[in-house]
Amino acid sequence: MSRPTIDARDFRTALGSFATGVTVITTRAADGTPVGLTANSFNSVSLEPPMVLWSLARTAKSMPVFEQAQHFAVHVLAADQADLSVRFARSGGDKFAHVALESGIAGLPLLPGCAARFQCKTSFRHDGGDHLIFVGEVLEFDCNQRAPLIYHAGQYALSARRGEMDEPRSARMAGSFGEDHLGYLLSRASHHFYQPVRRQVHALGLSDDAYSLLSLLTLRQTMSHQDAMALLGQGANATAALLADIGDMGLVARDEAGEPRYRLTDKGRDVTLHLMAASKARESEVLSVLGEVDAFALKTLLLRLVREHSADQPDLWAEPDTAE
Ligand SMILES: Cc1cc2nc3c(=O)[nH]c(=O)nc-3n(C[C@H](O)[C@H](O)[C@H](O)COP(=O)(O)O)c2cc1C
């Protein structure tokens, strides 16, 4: 019976719809050289005895070494290890340069900082078409709760829990936005986040804008009136009034040489750092509800959103001399 024709590209695309984690598999060649590659074909096989599998392309440069190796180590990469995945997906060459290695069973090269690691004894090798399937018995493993790196449709991705949640509600008035409207979510989340910090800001006699300005001054040594206007997005008079207010409170000082520039005084620095500590404590409190994995995904997506829409905004994080 003839085999149905399968378009290789379509087949790859279809396989890519199966989201996986990303691993780096390592071993040591007979001469002691560490060898490794990125693989997402890793899977669990058996709990008792503990067994896992992965498959290696017959064309891989590392094939002769893995074919001979008695042991291999599987590293489940954490979300912040995409650079390691890229490095170990290159063919041949010294992929281990400048990587701090630990030593495992039978001298297995172990990478630090992973979500999980499995040290295995090669139990079986099976034919798998253009791949060779390696089945290993797990001799040792370690695991932490780090967010895992995900691979989906040919791209690195993040995992987030779906959670049990009711459908977002709609507004009663036709044409208004619903509970999942991004603008609503961002402002509601920001309001909720800052509420306790804002209380402390106000208790010190500061306005929200004054706190923003003090925070901005921690990013720059000094700032002109013009800088403050641009960064705050306020008019000339409002900015001047704000600078005068926090000046009267002894929080900023004005350097008069040339164009006047403003900087935090010692008192201003202490007050601002105190409020920032409160803000960081609030961050820990809010994110602890989500857990580390979801917190990482949320922050990454927000950072992308902010960066992708910042082209026409002054760059708060630029070096002072290149700042707009
Ligand atoms: C996310 C990802 C998953 C991969 N999974 C596998 C895999 O399971 N098996 C495999 O043989 N190659 C896989 N590769 C490709 C190898 O990492 C790549 O061919 C590498 O260059 C092989 O190294 P080597 O030629 O030095 O042995 C994957 C690449 C990426 C980026």
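Just after helix α8, Gly291 adopts a positive phi of about 90 degrees. The structure is a predicted model, in which local features need pLDDT of at least 70, side-chain atom pairs count only at pLDDT 80 or more, and totals for chains, interfaces and linings use all residues. Residues are numbered from 1 along each chain as its sequence is written, and side-chain values use heavy atoms, with hydrogens and water left out. Secondary-structure elements are DSSP runs numbered from the N terminus, namely helices (H or I, at least four residues) and strands (E, at least two).

Helix α8 spans residues 266-290 and comprises 25 residues. From its first C-alpha to its last, α8 reaches 36 Å, close to the 36 Å expected at 1.5 Å a residue; the expected span is 1.5 Å times one less than the number of residues. Burial is assigned by relative accessible area (buried under 20%, exposed over 50%, partly exposed in between, with a 1.4 Å probe and protein chains only). The buried residues of α8 are Gly268, Val271, Thr272, Leu275, Ala278, Ser279, Arg282 and Leu287. An α-helix has 3.6 residues a turn, so residues three or four places apart point the same way. The cover over the buried residues of α8 includes α4 (182-203), α5 (208-219), β15 (261-264) and α9 (292-308). In the loop between β15 and α8 lies Thr265, which counts as buried because its relative accessibility is 16%. With residues up to four places away in sequence not counted, Thr265 is in contact (heavy atoms within 4.5 Å) with Gly250, Leu251, Val252 and Ala253.

The ligand is surrounded by 20 residues, of which the closest are Ser41, Ala57, Ser62, Ala89 and Ser91; a residue belongs to these surroundings if one of its heavy atoms lies within 4 Å of the molecule. Polar contacts were assigned to pairs of N or O atoms within 3.5 Å; within protein, one must be able to donate a hydrogen and the other to accept it, and residues adjacent in sequence count only if both atoms are side-chain atoms. A nitrogen atom of the ligand lies 2.9 Å from a backbone N or O atom of Ser55. A polar backbone atom of Ala57 is 2.8 Å from an oxygen atom of the ligand, and an N or O atom in the side chain of Ser62 is 2.5 Å from an oxygen atom of the ligand. Of the 640 Å² of accessible area that the ligand has on its own, the protein covers 82%; these areas come from the Shrake-Rupley method with a 1.4 Å probe. Strands β3 (34-39) and β5 (51-57) are the elements that give two or more residues to the shell around the ligand. The shell divides into nine nonpolar, eight polar and three charged residues, where Ala, Val, Leu, Ile, Met, Phe, Trp, Tyr, Cys and Pro count as nonpolar, Asp, Glu, Lys and Arg as charged, and the others, Gly among them, as polar.

Strand β5 also contains Val52, which is classed as buried because its relative accessibility is 5%. Beyond four places in sequence, Val52 touches residues including Phe42, Val45, Phe72, Cys120, Phe134 and Val138. The C-alpha atoms of Val52 and Met165 are separated by 34 Å, the two residues being 113 residues apart along the chain. In the loop between β4 (43-46) and β5 lies Pro49, and the peptide bond from Glu48 to Pro49 is cis, with omega near 0 degrees.

Thr27, in strand β2 (residues 23-28), is buried, with a relative accessible area of 2%. A polar atom of the Thr27 side chain lies 2.7 Å from the backbone oxygen of His71. Among the residues that Thr27 touches beyond four places in sequence are Val35, Val65, Phe66, His71, Phe72 and Leu108.

Several loop residues were also examined. Ala106, in the loop between β7 (102-103) and β8 (109-110), has a positive phi of about 55 degrees although it is not a glycine. Ala106 is exposed, with a relative accessible area of 60%. Ala153, in the loop between β11 (149-152) and β12, likewise is not a glycine and has a positive phi of about 50 degrees; its relative accessibility of 52% places Ala153 in the exposed class. Ala171 lies in the loop between β12 (155-158) and α4 and is partly exposed at 32% relative accessible area. Ala171 touches Ser176, Phe177 and Gly178, not counting residues up to four places away in sequence.
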